[in-house]
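I opened a notebook page for this model. These entries follow the order in which I looked things up.

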Amino acid sequence: MTHTAKLFYTKEHEWIELINEDYVRIGITAYAVEQLGDIVFVELPELNTDLSEEDEFATVESVKSTSEIFAPVGGTVSKVNSSLEDEPEKMNESPYGEGWLIELQSNQAVDTSHLLDEKAYQDYLETL
């Protein structure tokens with residue numbers, strides 16, 4: 001499960017990709033997708049929504065359950081993956097690729113110090 005991009009993770013199974021120091025892409029991990037099962041609906045925020053760290057920004061519904069997704073970092077929603085409205089299964093097929101949720105623009109360098117790197121996240125998964 002190696003990715004070319006530099007990703008950071010939360011213990012709630014969100015990932016962020018630093019596109020540059022103040023711009024990130026956010027999604028949920030393969031583990032989260034696996035736990036949810038087949039995703040049938042995704043509700044995403046409006047463009048230009050301001051989010052603080054830990055704000056709920058999306059709802060993902062699967063055949064098993066509904067999960068709220070929380071922002072691992074703060075910023076303004078600059079892009080949403082609107083293709084998920086018609087094709088939510090992209091999250092199952094490609095959680096780190098076409099299944100991303102939103103992109104955020106921050107007004108400062110994004111702090112990733114509270115997030116897990118790939119190895120720490122894999123170690124965490126082994127404890128579950």
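Entry 1, terms and ground rules. I call a residue buried under 20% relative accessible area, exposed over 50%, and partly exposed in between (1.4 Å probe, protein chains only). The model is predicted, so I kept local features to pLDDT of at least 70 and side-chain atom pairs to pLDDT 80 or more, while totals for chains, interfaces and linings use all residues. Residues are numbered from 1 along each chain as its sequence is written, and side-chain values use heavy atoms, with hydrogens and water left out.

Entry 2, aromatic pairs. I paired rings of Phe, Tyr and Trp (its six-membered ring) if their centres lie within 6.5 Å; planes under 30 degrees apart are stacked, over 60 edge-to-face, the rest tilted. The count came to two aromatic pairs. I noted Tyr9 and Tyr121 as a stacked pair, with 4.5 Å centre to centre and 10 degrees between the planes. Tyr9 lies in strand β1 (residues 7–9) and Tyr121 in helix α4, so this pair ties together parts 112 residues apart in sequence. For helices (H or I, at least four residues) and strands (E, at least two) I used DSSP runs, numbered from the N terminus. Are Tyr9 and Tyr121 buried or exposed? Both Tyr9 and Tyr121 are buried.

Trp15 and Tyr96 have ring centres 5.9 Å apart and planes at 35 degrees, so I logged the pair as tilted. Trp15 sits in strand β2 (residues 14–20) and Tyr96 in the loop between α3 (90–93) and β9, 81 residues apart. I found Trp15 and Tyr96 both buried.

Gly97 is partly exposed, at a relative accessible area of 29%. I checked Gly97 against Gly27: they are 70 residues apart along the chain, and their C-alpha atoms are separated by 9.0 Å.

My rule was a side-chain nitrogen of Lys or Arg within 4 Å of a carboxyl oxygen of Asp or Glu. How many salt bridges does a search of the whole structure find? It finds three.

- Glu103 and Arg25 meet at 2.5 Å, N to O. Glu103 is in strand β9 (residues 102–105) and Arg25 in strand β3 (residues 23–28), 78 residues apart. Glu103 is buried, at 4% relative accessibility.
- Lys90 and Glu87 meet at 3.5 Å, N to O. Lys90 is buried at 14%, whereas Glu87 is partly exposed at 34%.
- Lys119 and Asp123 have their closest N and O atoms 2.8 Å apart. They are four residues apart in helix α4 (residues 118–126), so about one helical turn separates Lys119 and Asp123. Lys119 is exposed at 58%, and Asp123 is partly exposed at 37%.

An unreviewed UniProt entry annotates residues 23–105 as "domain: Lipoyl-binding". UniProt positions are given in the numbering used here, feature names are shortened, and annotations may be inferred rather than shown by experiment. I looked up that stretch: residues 23–105 are 18% helix and 42% strand, with the end C-alpha atoms 5 Å apart.
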